[in-house]
Amino acid sequence: MSLPVLICDDSAFARKAMARSLPDGWDVEVSFASNGQEAIEAIEQGKGDMLFLDLNMPVMDGYETMQVIRERDLPTMVIVVSGDVQEEAHRRMKSMGAIDFIRKPIDNAKLTDILSKYGIYNGEKTAAKRAAQTDVKIGSSLEEKMDAFREISNVAMGQAGESLAQVFKQFVNLPIPNVSMVHTNELAMTLASIDSEQQVSAISKGFVSKHIKGEAIIIFNDANIASVRNLLGRQRHATLPSDIEVLMDVSNIIIGACINGLSEQLGVNFTHNSPIILGIHCDLNELVANNISRWEQVLVIEIAYAISKENINFELLLVIPETEIDATFKQLINVRGAA
């Protein structure tokens with residue numbers, strides 16, 4: 001009898017990638033859910049004896065889903081599949097009953113080892129096709145491209161979050177990346193979590209490969225800089241040089257890890273430009289207008305990092321010119337073998 005397997009992730013790209021990663025010939029019947037609420041309903045219908053669960057999702061995230069599974073004592077084995085690789089994330093989910101944790105992007109061999117370790121898969125083969133095998137190709141519409149960019153930025157975001165957590169010794173709350181196609185003169189309006197009435201500071205770092213280029217920008221609300229300085233153990237007295245040093249250090253950690261995460265997933269080596277100060281203690285609209293207007297249409301991936309205990313919030317923007325989108329997507333598909 002086929003094992004009911006449920007893949008829960010808000011990204012269609014990630015769901016299809018996960019389905020493709022299941023061992024060939026494994027006798028399973030695969031179902032999908034785009035959030036935790038859908039996953040709970042599917043488990044209650046007998047569709048999720050084995051659950052692959054993402055953490056960052058709308059409606060009901062992975063933590064909330066795991067809590068419901070535990071409270072209702074639902075019959076499912078849970079393996080977390082996430083871009084959030086912080087040790088605290090691992091600890092939380094395992095304490096709630098997840099049997100293991102796999103980082104994105106999926107390592108097929110590691111997945112097979114984990115399934116074998118828990119006696120879920122023993123290398124059996126079956127002539128029956130998985131229910132999902134006919135629906136794992138990645139589409140190429142703009143919506144599907146944006147979903148794919150959201151997923152790879154989610155993975156890169158997790159790697160940057162882990163680096164930041166190690167430096168700050170704090171758990172970093174990771175959001176669902178917001179992906180939008182905007183004209184540069186509308187960009188400031190998309191940054192909903194930044195108070196346009198307050199001053200901001202920003203650091204930029206460009207990245208380029210043979211066919212792909214983009215820019216990573218960190219935007220800090222100036223009200224948070226003192227807290228960041230404190231977490232880094234720097235002098236509490238605010239001076240312009242000390243503020244710039246703090247911004248540069250944090251930006252190098254986040255942008256460096258994030259670009260490396262993109263590089264690994266796209267299978268390219270990016271050349272990094274030296275970080276550039278876009279503005280210190282300035283107006284958000286002025287910052288955007290003076291520095292990003294050289295492009296017209298851009299794909300913007302907005303990631304709002306937060307350290308709740310310290311009331312620190314800052315934005316990472318990955319900006320990809322419209323002319324680079326097709327080349328980036330094509331490279332991703334080539335690496336994932338999903339064409």
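How many bridges join strand S6 (residues 178-183) to S11, and do the two run parallel or antiparallel? The answer is 6 bridges, and the strands run antiparallel. This is a predicted model, in which local features need pLDDT of at least 70 and side-chain atom pairs count only at pLDDT 80 or more, while totals for chains, interfaces and linings use all residues. Residues are numbered from 1 along each chain as its sequence is written, and side-chain values use heavy atoms, with hydrogens and water left out. Let's walk through the strands, the cavities and the rings.

- Strands here are DSSP runs of E with at least two residues, helices are runs of H or I with at least four, and both are numbered from the N terminus.
- Two strands pair if DSSP finds at least two bridges between them.
- One of the links to S12 is between isoleucine 301 and leucine 318.
- The hairpin of S11 and S12 has 4 residues between the strands, and asparagine 311 takes a positive phi near 55° there.
- Strand S11 (residues 297-307) is mostly covered, with 9 of its 11 residues buried (under 20% relative accessible area; exposed is over 50% and partly exposed in between, with a 1.4 Å probe and protein chains only).

**Two cavities**

- The structure holds 2 cavities of 30 Å³ or more; a cavity is a set of points on a 1 Å grid over the protein atoms alone where a 1.4 Å probe fits but cannot get out, and its lining residues have an atom within 4 Å of a point.
- The largest cavity has a volume of about 70 Å³, where volume is the space filled by probe spheres set on the points, which are joined across faces, edges and corners.
- By class, the lining of the largest cavity divides into 10 nonpolar, 1 polar and no charged residues (Ala, Val, Leu, Ile, Met, Phe, Trp, Tyr, Cys and Pro count as nonpolar, Asp, Glu, Lys and Arg as charged, and the others, Gly among them, as polar).
- The second largest cavity, of about 60 Å³, has 2 nonpolar, 3 polar and 6 charged residues in its lining.
- Asp9, Asp54, Arg150 and Glu151 are among the residues that line the second largest cavity.

**Aromatic rings**

- A search of the whole structure finds 4 aromatic pairs; rings of Phe, Tyr and Trp (its six-membered ring) pair if their centres lie within 6.5 Å, and planes under 30 degrees apart count as stacked, over 60 as edge-to-face and the rest as tilted.
- Tryptophan 26 and tyrosine 121 have ring centres 5.7 Å apart and planes at 70°, so the pair is edge-to-face.
- Tryptophan 26 lies in the loop between helix H1 and strand S2 and tyrosine 121 in the loop between helix H5 and H6, so the pair ties together parts that are 95 residues apart in sequence.
- Tryptophan 26 is buried at a relative accessible area of 1%, and tyrosine 121 counts as buried at 7%.
- Phenylalanine 207 and phenylalanine 270 also form an edge-to-face pair, 5.0 Å centre to centre with 75° between the planes.
- Phe220, Tyr305 and Phe314 form one aromatic cluster.

Conventions
On a 1 Å grid over the protein atoms alone, a cavity is a set of points where a 1.4 Å probe fits but cannot get out, and a pocket is an open set with protein on both sides within 12 Å along at least five of seven lines; lining residues have an atom within 4 Å of a point.
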